[in-house]
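Student: I have just opened this one and would like to understand the words used for it. Could you take me through them?

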Amino acid sequence: MKQFIKTILNKVVLVGAFVAILQACNSDDGTVSCVPITTVSVQINPNLPLYSNLNNPGGWIYVNGVTAGTRGLIVVRTASGYKAYDRNAPHICPGEKTTLYVEDDIKIVCDADESEWILLTGQPTKVANRAPRTYQVIVNTNGTLLITN
């Protein structure tokens with residue numbers, strides 16, 4: 001009887017390990033596999049006139065630069081802090097019309113297939129089934145924002 005229980009436990013552990021490995025290999029960052037992954041490291045001082053739009057909830061800006069992703073970022077001030085979105089469409093491979101942009105100060109849009117997302121939350125509302133890739137936004141003690149991945 002002891003041997004039987006030991007055999008069953010070994011099989012359960014083996015199956016559990018196999019399932020864990022499969023789940024680890026299926027990690028999904030919310031984007032299709034052809035969307036480039038790049039280093040993001042940007043500092044913004046919202047007190048500067050260039051970034052003054054971030055001083056009010058709902059305000060947003062585009063950020064471009066060498067360390068701002070492959071197509072730049074959309075940074076938005078929410079009621080509770082800040083969000084930073086990658087401008088690559090998360091649901092289709094990069095192409096001529098797949099750079100995301102803000103429309104009417106309330107939604108993010110992709111011209112390739114007319115997908116839309118809510119600006120403040122990133123929640124898809126039309127066509128796309130994935131939110132844009134987001135990056136961590138840290139507010140430093142001096143008020144500057146550090147956006148990183």
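Tutor: Gladly! β5 and strand β6 (residues 107–110) pair in the antiparallel sense over three bridges. This is a predicted model, where local features need pLDDT of at least 70 and side-chain atom pairs pLDDT 80 or more, while totals for chains, interfaces and linings use all residues. Residues are numbered from 1 along each chain as its sequence is written, and side-chain values use heavy atoms, leaving out hydrogens and water.

Student: What makes β5 and β6 a pair?

Tutor: Two strands (DSSP runs of E, at least two residues, numbered from the N terminus) pair if DSSP finds at least two bridges between them. β5 and β6 have three bridges, so they meet that definition. In β6, I108 is the bridge partner of V102.

Student: Which strands form the open sheet, and in what order?

Tutor: The order is β5-β6-β7-β8, with antiparallel pairing. β5 (101–103) and β8 (124–126) are the edge strands, each pairing on one side only.

Student: Why is S115 called buried?

Tutor: Buried means under 20% relative accessible area (1.4 Å probe, protein chains only). S115 has 0%, so it is buried. S115 lies in strand β7 (residues 115–118).

How values were computed: Helices (H or I, at least four residues) and strands (E, at least two) are DSSP runs, numbered from the N terminus. Buried means under 20% relative accessible area, exposed over 50%, partly exposed in between (1.4 Å probe, protein chains only).
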